[in-house]
Amino acid sequence: MKTIAFFDAKAYDKESFSRFANDEINIRYFENKLNADTVSMAACCDGVCAFVNDTIDKQVIDKLSEYGVGVIAMRCAGYNNVDLKAAAGRVKILRVPAYSPYSVAEHAMGLILTLNRKLHRAYIRTRDHNFSLEGLIGFDLRGKTVGIIGTGKIGRCFADVCAGFGMNILGFDPYENKEFGGKYVSLDKLLAQSDIISLHCPLTKENHHLISDKTIEKMKDGAYIINTSRGQLIDTAALIDGLKSGKIGAAGLDVYEEETALFFEDYSDEIIPDDTLSTIISMPNVIVTSHQAFLTREALDGIAETTLENLSAYFNGEELKNEVTI
Ligand code: NAI
């Protein structure tokens with residue numbers, strides 16, 4: 001039996017992974033995130049299972065390689081937190097390329113509906129017996145234009161959700177997807193014409209701070225920005241300036257560029273040391289969720305099933321369908 005060091009483990013992970021348990025793999029759950037300080041917990045293990053806010057840099061890869069750990073199974077689609085160059089030829093990187101794209105697409109729409117119809121504010125008001133409607137005016141989504149940046153599995157599903165609301169759908173992606181139900185345009189056109197812009201592309205070196213003061217300048221006044229992809233796609237300082245000036249009408253953020261230190265943990269009894277996050281959270285037209293777009297039962301089951309299949313394939317010397325290489 002092979003032993004896996006499972007980092008950043010939460011109760012919901014244990015529940016879904018136990019449902020797909022097999023006799024080949026024994027999982028040791030650790031609450032710690034994987035980084036240079038915690039990597040030694042994997043010393044006696046055969047493999048590692050990691051998530052979006054683990055730090056899998058050269059230092060961590062060197063240590064795993066030294067311990068004889070030959071595989072890291074990412075239980076997510078993105079792998080921007082893995083130094084693939086350092087891993088090449090030493091540690092195999094596996095991932096879950098697809099698991100309920102609906103989970104993320106539906107969360108993106110949830111953020112739009114909440115921001116537009118001010119549901120977050122209405123919820124607090126009525127709990128306080130404040131039944132005033134002042135300041136809660138939204139707009140019909142029907143007939144408005146949504147611009148989708150990245151039209152892969154999630155972006156395509158999100159387009160279908162938007163189509164259900166009767167929206168005009170624009171897309172920008174260097175690789176067009178035949179199943180995308182919108183019209184492809186250049187990035188500049190998408191920025192200029194969209195009432196709502198939603199990011200569904202992976203984080204790469206090229207698109208770091210894709211949303212910056214320069215791209216915000218090209219947007220319609222009052223445009224909404226929705227990010228359920230990766231925090232570093234947005235320059236948060238530029239977003240704050242855009243929100244302050246009114247150029248950006250609202251922002252729904254499931255991810256944040258400095259989320260690694262905070263997201264997934266409870267700091268409700270503390271003053272958080274991140275003034276930028278505190279500023280943005282304090283704005284009435286911003287909603288921040290803690291990287292939870294994937295968090296549906298269907299997605300968790302899909303993640304557990306594919307991660308365990310990936311590990312079994314590795315340990316049995318089978319073809320690695322979900323390997324990530326440089
Ligand atoms: P995918 O690989 O199916 O699609 C991504 C698309 O983005 C591809 O068509 C690609 O050509 C396109 N793309 C790449 N760079 C681009 C750029 N600069 N501009 C426009 N398009 C670009 O990936 P999928 O499954 O749709 O996931 C998208 C992203 O969603 C992931 O990379 C991940 O960062 C994020 N994600 C977030 C989750 C959450 O819980 N918040 C959960 C799962 C994924």
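A: Three residues of helix α1 are buried: Asp-13, Ser-16 and Phe-17. Seen down the axis of α1, these buried residues fall within an arc of 95 degrees, so they line one face of the helix. An α-helix has 3.6 residues a turn, so residues three or four places apart point the same way. All of this is read from a predicted model.

What covers that face? The cover over the buried residues of α1 includes the strands β1, β2 and β3, together with helix α11, residues 297-315. Helix α1 itself spans residues 11-19 and lies across β1, β2 and β3. Relative to β2, helix α1 runs at about 175 degrees.

Six strands form an open sheet with mixed pairing, in the order β2-β1-β3-β4-β5-β13. The edges are β2 (25-29) and β13 (323-324). Each has a single partner strand, so one side of each is left without a neighbour in the sheet. Further in, β1 (residues 2-6) pairs with β3 (residues 47-50). That pairing is parallel, over 3 bridges. Within it, Ala-5 stands opposite Val-48 of β3.

Cys-49 counts as buried, at 1% relative accessibility. Cys-162 is in no disulfide either. Its nearest cysteine sulfur, in Cys-157, is 11 Å away. Cys-162 is buried too, with a relative accessible area of 0%. The disulfide count comes to 0.

Next, strand β11, residues 248-253. Of its 6 residues, 5 are buried, so the cut-off of under 20% relative accessible area marks it as mostly covered. Strand β10 (residues 223-227) pairs with β11 in the parallel sense, over 5 bridges. Asn-227 stands opposite Leu-253 there. Between these two strands the chain passes through helix α9, residues 236-245, and the β-α-β crossover is right-handed.

Strand β11 also pairs with β12, residues 286-288. Here too the sense is parallel, over 3 bridges. Gly-252 has Ile-287 of β12 as its bridge partner. From β11 to β12 the chain crosses through helix α10, residues 275-281. This β-α-β crossover is right-handed as well.

Phe-264 is in the loop between β11 and α10. Its phi is positive, about 80 degrees, although Phe-264 is not a glycine. Is the residue buried or exposed? Phe-264 counts as buried, at 14% relative accessibility.

Lys-118 is the other case. Its loop runs between α4 (101-117) and α5 (119-127). Lys-118 has a positive phi of about 55 degrees, and it is not a glycine either. Lys-118 is buried, with a relative accessible area of 16%.

Technical notes:
Residues numbered from 1 in each chain as written. Predicted model: local features only at pLDDT ≥ 70, side-chain atom pairs only at ≥ 80, totals over all residues. Heavy atoms only, no water. Buried < 20%, exposed > 50% of the residue type's maximum accessible area, 1.4 Å probe, protein only. Helix = DSSP H or I, 4+ residues; strand = E, 2+ residues; numbered from the N terminus. Pairing = 2+ DSSP bridges. Right-handed = clockwise from strand over helix to strand, strands pointing away. Contact = heavy atoms within 4.5 Å. Axes fitted to C-alpha atoms, helices over the stretch in contact; angles between N-to-C directions. Arc of directions from axis to C-beta. Disulfide = S-S within 2.5 Å.
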